[in-house]
Amino acid sequence: MKKLVIPALALMVSGTVYGQTPLENLGSQVNSAYPEARPTVSADGKLLYFVVEGNPKNTNYKNDKKAQDVWFSEKAADGTWGQAQQAPPVINALNDNAVFWIAPDGNRMMIRGAFDNGKYVGRGVSMVYKEAGGWSAPQKLDIPGYEQLSKDMYSGAFMASTGKTILFYLSEEKNAFVNDIYVSHLDTDGKWSKPESIGSDVNTFEYDEISPFLAADNVTLYFSSNRKGGAGSHDIWMTRRLDSTWKKWSTPVALKAPVNSKGWDAYFALDATGEYAYMATSEGSANNQPDLVKVKLDDQSKPNAVVLMFGKVLHAGDNTPVNATFYYDKIGGGNEGNIYSNPDGTYKMVLPYGGKYVVKTTADSFNPLTDTIDLTNPDGYKEIHRDLYLTPEGYIRVIDPEGGKDGDRKRMDEISEDDILEEGETVSLDNILFVFAKHYIQASSIEELNRLVRLMKANPGMHIELAAHTDWIGSKSDNLKLSKDRATAVKEYLVGHGIEAARITEKGYGESKPLMSNLTEEGRRQNRRVEFTVIKK
């Protein structure tokens, strides 16, 4: 990272802010009389790490008056940022410290410098992990050939939200100020590949490419460059990855003002929403020192939308928290990444749209929990709350041993509108599908719903109980509400197509009437269902 005095001097001459959306200063709780830069924000937007230069409280200020330490701020419930606090010594062990990445789960960070068992051993990057008593000692990531490749004056890195790809900026020319962006991948054996250039679509020969930031969609890349076509010296550019080689990218485009100015613009960061960019600027600062600000992005500058799933991992028997590991794979593809829960059981996971995912939750001495999440159809940014219940090995969770019996149910596609159903008969509507964790009916369900409409019109005296059920993933209260909302949604469709509301009694049973074991994915799939029972012929 460049000493902040360099971008500060450039930012002082930036002049007027352009564009209609103003920059929003993060306030005196975050910004100080000293230069702030390199914001790194958590996926949920509630935690902000950044660098402060020259603060007398910095760890090595006595040896270097421009020493850089990591500080952080937490967002309060009202949306304001709390008083900035200095990060612990394990993160501020060098003269120039930085946080390059926060994992979506909030339990890992990548920091500047290569450390071995907490001892600094040279240039590179290291990981720290959240433990019950704080952050662990940093441990280097073994990146083959990094020290031979990175001979520049200033370098840095960023990790993808999957935790499986690192983007470096560096130069192979000794003491160079002109950098390119390189990529390294984590293989199935847990080893990192030698960094390679991401190609000439992004990197140039004569200009400087630095501070890469890959959005949560794992496709949209933002970086800073002094190439021609920008507004000033260094500007923020955006490009999108076109394939899995990481060497084919769309033509980079400079972002519009006020993101880019006539000054030096870098250190771009987003949370999972993709709505606001965080950056450093002297614009509007009383003392002409760079402050941290955020700015709302226009639609053309935003990344693709993602889903942020969060909740708690709990013991299925006594609801105590479980420290778990998650692995998520895209069906038809390879392993996408992994996350960890907090010691208190809380977890956060970012999933891009564009496919179906298999999510496996594991913990020592517990049965693994596997589920499928369908994010095939792109939608806007969403936050989904799901609590997950793990059963100890040898333990069976019984919800309702007297629940529904599969043998007593007919399927809708097995009957016709001419059939006369008896009171008490139950018919499964197996082809009614909903948006994941929501009560919105998918378009593929229309044919099944129309069959029921025709059946009820052909039997005008028939009254039904319309019931929706869930599996046991999530809290009982959330599942009960979801099932009620889904039953109501189906009833509203029937009423909207000419069926009298008085003929339909909707019920949501949540997870209380499973057909099969909730310990298997297939069992949970069948337990998520809509059915009706004839209560009057």
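**Exercise 1.** Is Ser150 buried or exposed?

Before we start: this is a predicted model, where local features need pLDDT of at least 70, side-chain atom pairs count only at pLDDT 80 or more, and totals for chains, interfaces and linings use all residues. Residues are numbered from 1 along each chain as its sequence is written, and side-chain values use heavy atoms, with hydrogens and water left out.

*Solution.* Start with the cut-offs: buried means under 20% relative accessible area, exposed over 50%, and partly exposed in between (1.4 Å probe, protein chains only). Ser150 has a relative accessible area of 4%, so Ser150 is buried.

**Exercise 2.** Which residues does Ser150 touch, not counting residues up to four places away in sequence?

*Solution.* Contact means heavy atoms within 4.5 Å. On that basis, Ser150 touches Arg123, Ser155, Leu170 and Ser171, leaving out residues up to four places away in sequence.

**Exercise 3.** Phe115 and Tyr120 form an aromatic pair: at what angle are the planes of their rings?

*Solution.* First, the rule: rings of Phe, Tyr and Trp (its six-membered ring) pair if their centres lie within 6.5 Å; planes under 30 degrees apart are stacked, over 60 edge-to-face, and the rest tilted. That rule gives 12 aromatic pairs. For Phe115 and Tyr120, the ring centres are 5.6 Å apart and the planes sit at 65°, so this pair is edge-to-face. Next, check accessibility: Phe115 is buried at 2%, while Tyr120 is partly exposed, with a relative accessible area of 41%. Finally, look for the aromatic cluster formed by Phe158, Phe213, Tyr222 and Phe268.
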